[in-house]
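Okay, hi everyone, thanks for having me. Let me put the structure up, and then we'll walk through it together.

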Amino acid sequence: DYGHNPDAIQALCNAVETMPSKKRVVVISGAGDRRDEDIRKQTQILGGVFESIAAVDAYGESNLLLPDGPPEAISQSRVTAAFFDVLRVRPAIGRVFGAENEVDGRDRVAVLSDAFWRRRFGGDPAIVGRTIPIDGNAYEVIGIMPPGFTYPVGALQPAELWMPWVPTPAERVRGRMRTFYLQSIARLKPGVSIEEARAQMNQVAASMQQANPESNTGHTVGIR
């Protein structure tokens with residue numbers, strides 16, 4: 001349970017520091033009452049072990065309403081800015097958003113997939129810098145991802161655009177709302193294998209359950 005026990009994540013970091021192998025991208029998952037401030041604290045802790053880590057709300061849906069047609073349901077992912085660093089991917093046109101966009105009022109920016117850009121906007125590079133109406137709000141298109149880039153990988157309906165993830169007011173208050181929908185992806189530092197990381201995380205999950213049985217019993221931390 002990441003939210004209840006940042007100290008356990010610190011213990012995980014100390015354990016992972018001892019593991020040898022190649023640099024890898026991993027997906028971390030676990031159940032718990034994860035608050036915004038906990039996620040940010042854990043990101044700082046994990047920075048000593050992982051090269052980068054990002055939170056992902058992978059399976060969202062929004063409505064696009066352009067003047068030339070009816071409302072269109074589009075698939076989107078809300079992610080923290082480190083998402084693009086973890087995956088080592090840069091836009092073909094424009095830029096991606098940064099940590100400065102992870103706050104209310106500065107989060108209305110979007111990065112489009114190449115396929116969506118070509119299908120809906122005819123591959124017109126001039127769309128970068130313009131706004132498009134998403135869920136009744138104007139979002140500035142700031143970048144276009146390269147051809148072939150999809151996430152989640154292998155999904156029947158991968159994201160057509162990416163926007164900054166900003167927690168809701170309820171998610172900022174412990175006990176009000178659980179952020180079970182969030183997933184974390186991370187890039188391991190050099191010298192850490194996924195098998196060794198998984199074994200160590202299983203040990204940490206057991207320790208977390210013992211320390212916080214009311215919130216962690218029956219839950220595990222996974223890595224793949």
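I'll begin with the whole chain and then go through a strand, some aromatic rings, a glutamine and a helix.

Two quick notes before that. Residues are numbered from 1 along each chain as its sequence is written, and side-chain values use heavy atoms, with hydrogens and water left out. This is a predicted model, so local features need pLDDT of at least 70 and side-chain atom pairs count only at pLDDT 80 or more, while totals for chains, interfaces and linings use all residues.

So, the overview. The chain has six helices and 10 strands; these are DSSP runs, H or I with at least four residues for helices and E with at least two for strands, numbered from the N terminus. Of the 224 residues, 51% are buried, and buried means under 20% relative accessible area, with exposed over 50% and partly exposed in between, using a 1.4 Å probe and protein chains only. Now look at contacts, meaning heavy atoms within 4.5 Å. If you take those with a separation of 6 or more, 76% are between residues 24 or more positions apart.

Next, find strand S5, residues 109-112. Which way do its side chains point? Val109 and Val111 go one way, Ala110 and Leu112 go the other, and all are buried.

With strand S8, residues 161-164, the pairing is antiparallel, over two bridges, and Leu112 stands opposite Leu161.

On to the rings. Rings of Phe, Tyr and Trp (its six-membered ring) pair if their centres lie within 6.5 Å; planes under 30 degrees apart count as stacked, over 60 as edge-to-face and the rest as tilted. By that rule we get six aromatic pairs. Take Phe83 and Phe84: their ring centres are 5.1 Å apart and their planes are at 85 degrees, so that pair is edge-to-face. Phe83 is buried at 0% relative accessibility, and Phe84 is buried at 0% as well. Then there's Phe149 with Trp162, a tilted pair with 5.4 Å centre to centre and 45 degrees between the planes. Phe149 is in the loop between S7 and S8 and Trp162 is in S8, so this pair ties together parts 13 residues apart in sequence. Phe149 and Trp162 are both buried. Together, Phe83, Phe84, Phe97, Phe149, Tyr151 and Trp162 make one aromatic cluster.

Now Gln76, in strand S3, residues 72-79. Is Gln76 buried or exposed? Buried, with a relative accessible area of 6%. Its side chain makes a polar contact of 3.1 Å with the side chain of Ser62. By polar contact I mean a pair of N or O atoms within 3.5 Å; within protein, one must be able to donate a hydrogen and the other to accept it, and residues adjacent in sequence count only if both atoms are side-chain atoms.

Last stop, helix H4, residues 114-121, where Asp114, Phe116, Trp117, Arg120 and Phe121 are buried. Seen down the axis, those buried residues fall within an arc of 165 degrees, so they line one face of H4; the arc is that of the directions from the helix axis to the C-beta atoms. Just after H4, Gly122 takes a positive phi of about 65 degrees.

Definitions and conventions: Two strands pair if DSSP finds at least two bridges between them.
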